[in-house]
Amino acid sequence: MTDDPTPVCWFEELRRADVPRVGGKNASLGEMIANLSARGVRVPPGFATTAGAYRRFVAHNGLGDVIAATMASLAAGKLTLAEAGQTIRRAFLAGDWPADTAEAIRSSYRELCRRAGRADIDVAVRSSATAEDLPDASFAGQQESFLNIHGERALIDACRRCYASLFTDRAISYRDAKGFDHLKVALSVGVQRMVRSDLGGAGVMFTLDTETGFDKVVLIDAAWGLGENVVQGTVDPDAYRVFKPLLSDPSLTPIIEKTCGAKARKLIYADDQGASTRNVPTSKAERAGFVLTDPEILSLSRWACVIEDHYGCPMDIEWAKDGETGELFVVQARPETVQSRRGAGTVTAYRVTSKGRTLATGLGIGEAVATGRVCVIEDARRHRAFRRRLGAGHPHHRPGLGAGHEAGGGDRHRPRRAHLARRHRQPRAGAAGHRRHRRRHPGPARRAGGHGVLRRGRPGPCLRGLRRGRGGGGRPRRHPGDPHQGDAQPRQPGGGLPLVAAACRRRRPGADGVRGLQPGQGAPDGAGPLRHPGRPGSQARDRRR
């Protein structure tokens, strides 16, 4: 479809029903500006290109045939996922803009500058896919965003790069898993006036507890500088917990908990012409202090409740604080799609009955435990060999799932570390979510949820699950992957996957760039001592343990 005659729309003209036209992200911004501004919620102004503009760009450059042929080659096994994604993205980046679309973007940017009273204002350029931020599927983080973009030429180039990011490797894989047609999904680009949070702070907030699903609290994460570090999980932010039922009383301060994060670095504007942003270390005072004051925490929490009440569902919200004016803004809002969809009335808890040597520690992902053999992928280009190695003799192997990662795109959970290396910039040590992965010889291991610990041990017998209904009366529940307890496999979103650890490491010699236990070298069923290939005396040490 290329018959939408309007290439650009202003946010205030958009509503929730415009998702097919401008994607979930931009439709939500328009909805908040139109309906919640009167209730005090501030949203920076801007405009969006339409899905029709994307389709005209595709048709103008003959990209439909490129996409179809490349995806057919991928399905036939002639191309790897990385090769297919790179082929399509290169074709987009080499494309030319239709003259009317390019002029519409330039003229809208000039109008935004006029409204702001400045020439060449800095803007955020964000992708918004037409299949994004849906109640039953979250494509969050799969397409690119670009901050501190100023000037017409830089804006046009950033919009083109947003189009290309519709075919990141992760986006292709997720659409395949969810059954979306690659040629039917379109992309809108949101152009929004930047909030100078590089001089202040930014973060995310949820209108429920993202670990338990408890809906009477607002959770806020905050860090200095631009918010991408919090969204990508590359910084340890402050965490605030607020009790929602008491927010209606202005005489109360219902802040339940405040945790000061490390906040070791912050993302700020870059001075050079190459990159638009850069990370710098925070000062000692910034690391020791809180990003938000109590009144600011309460203001954001009340906005979160207003947004949740308007949408009628738990929300995942991004906010920013302008360091020049001190004002707070909401820059994105989308439905929360993990805890809000879990079954109500049940609580699942796990305990580890014996502990082996700690292999890695860090910030946990999810709240469950899992066992399995540790495999390490040393080069992303060898992902197919990594899957084959995991699948060999493993009854719970599910192709396409990463370690400690929920099936599919999932939600960007507080503090959004569940999407491991979401931009492929940050190596992660399995479910522990930390780069300190010192495991030289991978073997069977288990991961304790919550606090993020990866331990060595025999899989299965050391873990027990307990599932309780509302009001107690629990009974022992069999844990998936325990060979001593039959075939019962309760569904455990996020935390209960059998794949335990995957991390990028320095290249070392080895077949296919992947190291792991071969059949017969270990004890995947927990029936014998652990053995490590090429490690003399390991069997004796295992017996001593």
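Here is a short chat about a predicted model.

Colleague: Before we start, what pLDDT do local features need?

Modeller: Residues are numbered from 1 along each chain as its sequence is written, and side-chain values use heavy atoms, with hydrogens and water left out. This is a predicted model in which totals for chains, interfaces and linings use all residues, side-chain atom pairs count only at pLDDT 80 or more, and local features need pLDDT of at least 70.

Colleague: Nice! Is Thr 207 buried or exposed?

Modeller: Thr 207 sits in the loop between strand 6 (201-206) and strand 7 (217-224); strands (E, at least two residues) and helices (H or I, at least four) are DSSP runs, numbered from the N terminus. Buried means under 20% relative accessible area, exposed over 50%, and partly exposed in between, using a 1.4 Å probe and protein chains only. Because its relative accessibility is 0%, Thr 207 counts as buried.

Colleague: Which residue's backbone nitrogen does the side chain of Thr 207 reach?

Modeller: Contact here means heavy atoms within 4.5 Å. Leaving aside neighbours within four places in sequence, Thr 207 is in contact with residues including Asp 215, Lys 244 and Glu 308. At 2.8 Å, its side chain reaches the backbone nitrogen of Met 315.

Colleague: How many residues of strand 13 are buried?

Modeller: Two strands pair if DSSP finds at least two bridges between them. Strand 12 (residues 315-321) and strand 13 run antiparallel and are joined by 7 bridges, with Glu 318 partnered by Gln 332 in strand 13. Strand 13 (residues 328-335) is largely enclosed by the rest of the structure, because the buried residues number 8 of the 8.

Colleague: How do helix 4 and helix 6 run relative to each other, roughly parallel or roughly antiparallel?

Modeller: Axes are lines fitted to C-alpha atoms, for helices over the stretch in contact, and angles run from 0 to 180 degrees between N-to-C directions. The axes of helix 4 (residues 81-93) and helix 6 (residues 152-164) come within 8 Å and cross at roughly 155°. Angles under 35 degrees count as roughly parallel, over 145 as roughly antiparallel, 65 to 115 as roughly perpendicular and the rest as oblique, and therefore these two helices are roughly antiparallel.

Colleague: Last one: which strands stand at the edges of the open sheet?

Modeller: The open sheet has 5 strands in the order 1-2-5-3-4, with antiparallel pairing. Each edge strand has a single partner strand, so one side of each is left without a neighbour in the sheet; these are strand 1 (8-10) and strand 4 (145-149).

How values were computed
A polar contact is a pair of N or O atoms within 3.5 Å; within protein, one must be able to donate a hydrogen and the other to accept it, and residues adjacent in sequence count only if both atoms are side-chain atoms.
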